[in-house]
Amino acid sequence: MANAAEHGGANGHAGVIGGGGRLGAARFVLWALAAVLAARQAAAVLRTPPGEWLSGFHLPGGPGSLPGSLYDAGQFTGTPFAGLVLKPLVALAAPSLEVAWTCVTLLFVAAVGLVAARGLPDPVPRRTALLAAPGLVALMMVSLPVREAASPGQTAVLPVLLVLLAFFRVPGERPSGFLVGLAAALQPALLFFAALLWLTGRRPTAKAAAVTFAGATALSWASLPRDSWTYWVEHLAGTGLGGAPADPANQSLHGALLRLGLSGPGEVFLYVALAAAVCVVGLRRAARYARDGQLLLAVAVTGCVAVAVSPAGWRHQLLWVLLAVAGKVGRRAADRPVWPVAVVLAMTLPNAVLLPNLAALAPVRDNVLLLAAVAAACAVPFLPRSSPYWRDPVPTRHGRPAAARWSRVPLLPFWRRVLSRPNLLLELLLIRVGYSLYSHIRAAAPTSRVLAEDNGSRIHAIERALGIDIEHAVNRAVVDTPWLEAFFNFYYTSFHFVVPLAILAVLYWRRPADYRWARASLGLATVMALAGFWLYPLAPPRLMPDLGFVDTVHGVQDLANPSYGAMTAISNQYAAMPSLHFGWSLWCGTVIVVLAPKGWQKLLGVLHPLITVCAIVATANHWVLDAVGGAVVVGAGFALVHVLSGPRRLRLDLPAPRPAAGAAGEAGGPVRAPARSGRS
């Protein structure tokens with residue numbers, strides 16, 4: 001395996017870096033975004049008062065700490081060598097230390113992105129060569145590891161940079177080994193990179209790394225013997241320092257087993273067995289990828305192994321997982337985004353956004369980053385460069401461009417009309433994350449009671465003027481009819497999510513092209529509804545004082561209490577205009593009427609939104625005009641999809657096959673393939 005200076009990826013990029021046009025503009029925008037995110041991260045750190053910031057080092061002699069051992073308080077998680085380096089800095093307690101530390105950390109992050117982008121294996125497409133570095137830096141700026149690594153005393157970014165420099169930029173065996181050994185002295189689990197060097201034939205570099213690590217550790221033993229004994233012997237390489245080993249911040253195999261309730265010798269035996277298996281499988285895969293010319297992927301896999309098997313693998317040390325997006329997964333072009341999207345979401349979003357807050361999912365939700373690291377190390381089937389699909393995946397089938405049906409409705413070919421079925425895992429992940437973000441944005445919409453009730457009074461007055469203020473009469477009639485009240489309560493609470501998800505599932509399996517059309521229109525309608533929630537908070541009839549409405553679903557509401565009962569804790573009660581209860585039901589009915597092959601199915605599609613509008617009015621959860629607003633956003637969603645990608649029915653047309661010489665199609669024009677509506 002060639003060294004960094006001889007690595008093909010480093011030299012091969014030189015011919016494609018540069019250029020202008022749209023790629024140059026996109027590159028500038030990404031760098032500007034990375035700079036803005038870096039400034040935002042710096043501002044978040046620098047808002048901490050200087051004294052409190054310095055105390056975050058948890059080093060003896062600093063502000064708020066007592067002289068003594070590095071580990072007396074049990075909060076410092078670094079190695080004795082790291083403490084030996086950091087002690088003089090904290091002793092200075094310079095006012096500018098906070099600014100300098102934050103800026104240097106963010107510069108290290110930018111350097112990691114630049115070096116990693118230069119380590120991509122050849123051949124590198126021009127777009128990737130131009131956008132990889134700024135895109136990676138921007139992603140790292142918002143990732144959980146970097147957000148935590150910018151805290152005082154955290155040196156997790158520096159070891160990553162040292163390892164990348166050793167593998168990609170520093171010529172010579174001994175200098176490279178010195179950098180790897182120095183990184184291991186700061187984070188002992190990174191000594192696995194010496195094993196990677198050994199397995200790939202760079203044994204002098206591996207020896208230099210081991211010697212450097214041993215020398216740095218010996219220096220710390222000579223300078224801080226008590227602290228070294230505490231760290232290496234009493235705490236077994238730092239286990240238990242900085243927090244309980246079972247804390248969710250400890251994303252290692254040891255921490256996961258403790259969170260599952262295991263303890264004692266049984267837990268230790270299982271941890272050792274799992275760690276050994278991850279080491280063997282992960283290092284063998286890393287060596288194979290290195291020999292295949294995918295050195296960046298090999299480094300990322302080794303880093304994932306190191307963090308997973310370490311007794312304490314904190315979140316700020318998991319930057320390696322983000323680097324694993326360098327690997328290519330999937331034979332189809334449609335499958336290529338699955339792994340990068342999954343990694344980016346796992347590294348940037350809270351676990352509660354990725355998975356519902358259900359007890360059964362807690363083992364997965366609490367260990368998302370660990371599972372991503374173990375998957376990258378041992379399970380994800382990254383393609384070798386020898387695979388015919390590495391450069392040329394199976395292309396995605398697209399339909400022909402469609403002409404506008406009406407001259408006054410121009411079409412913008414923004415979306416290419418995809419005919420094949422999208423990747424199921426990617427769809428489920430995006431649906432979950434999209435709904436979670438929708439819930440958070442809806443909950444964060446303005447909740448001013450005075451404004452919402454004023455808007456409710458206006459809506460009520462408009463309905464009276466139009467003669468459609470039927471809510472009170474319908475509500476009282478339903479309350480006086482118990483079986484009807486029970487029916488509408490059940491319908492209101494049961495079918496809001498079940499029916500749209502069922503329709504999407506059927507379309508995904510039976511009508512993949514129509515699935516994309518329906519999913520896009522529903523997503524656009526929901527986004528527009530969120531804008532309505534923010535711009536027009538509205539009190540529903542059940543929360544309007546002195547109007548005599550009865551909340552049949554949630555029970556009697558105490559309008560003197562601003563919280564209006566327990567429902568306010570889980571949902572924004574003033575996110576009522578437009579009504580997505582009716583909007584989503586209208587979307588369901590429209591899709592069923594347009595696509596269902598049988599008359600009774602179309603009848604069900606018509607009945608569903610009609611029953612839903614009766615339910616939202618009868619239960620006093622919406623005004624009639626809320627349903628009108630829901631119809632408007634759904635209609636706008638369908639219209640936008642039509643404008644951006646063309647008429648729905650032409651989505652099922654296959655691209656015209658290229659006619660053979662002398663064929664009838666040569667004289668009569670291209671031969672049109674028959675429309676297909678089944679599975680692709």
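Predicted model: local features only at pLDDT ≥ 70, side-chain atom pairs only at ≥ 80, totals over all residues.
Local features were taken at pLDDT of at least 70 and side-chain atom pairs at pLDDT 80 or more, whereas totals for chains, interfaces and linings use all residues. Residues are numbered from 1 along each chain as its sequence is written, and side-chain values use heavy atoms, with hydrogens and water left out.

Buried denotes under 20% relative accessible area, exposed over 50% and partly exposed in between, with a 1.4 Å probe and protein chains only.

Helix α17 (residues 338–348) is largely enclosed by the rest of the structure, because eight of its 11 residues are buried. These are Val338, Trp339, Val343, Val344, Leu345, Ala346, Met347 and Thr348. Among the elements covering them are α6 (126–142), α7 (144–149), α16 (319–323), α18 (351–354), α20 (368–379) and α22 (424–444).

Two helix pairs were examined through their axes (lines fitted to C-alpha atoms over the stretch in contact, with angles from 0 to 180 degrees between N-to-C directions). The axes of α10 (residues 192–199) and α11 (residues 203–223) come within 7 Å and cross at roughly 160°. The two helices are therefore roughly antiparallel, a term for angles over 145 degrees. The crossing of α10 past α11 is left-handed, that is, the near helix is turned anticlockwise from the far one by less than a right angle. In contact (heavy atoms within 4.5 Å) are Ala194, Leu197 and Trp198 of α10 with Arg203, Thr205, Ala206, Lys207 and Ala209 of α11. This contact holds five nonpolar, one polar and two charged residues, where Ala, Val, Leu, Ile, Met, Phe, Trp, Tyr, Cys and Pro count as nonpolar, Asp, Glu, Lys and Arg as charged, and the others, Gly among them, as polar.

For α2 (residues 21–46) and α5 (residues 97–118), the axes come within 10 Å and cross at roughly 150°. Helix α2 is thus roughly antiparallel to α5, and passes α5 in a right-handed crossing, with the near helix turned clockwise. Trp31, Ala38, Gln41, Ala42, Val45 and Leu46 of α2 meet Glu98, Val99, Thr102, Leu106 and Leu114 of α5. By class, eight nonpolar, two polar and one charged residues make up the contact of α2 with α5.

Notes:
Helix = DSSP H or I, 4+ residues; strand = E, 2+ residues; numbered from the N terminus. Parallel < 35°, antiparallel > 145°, perpendicular 65-115°, else oblique.
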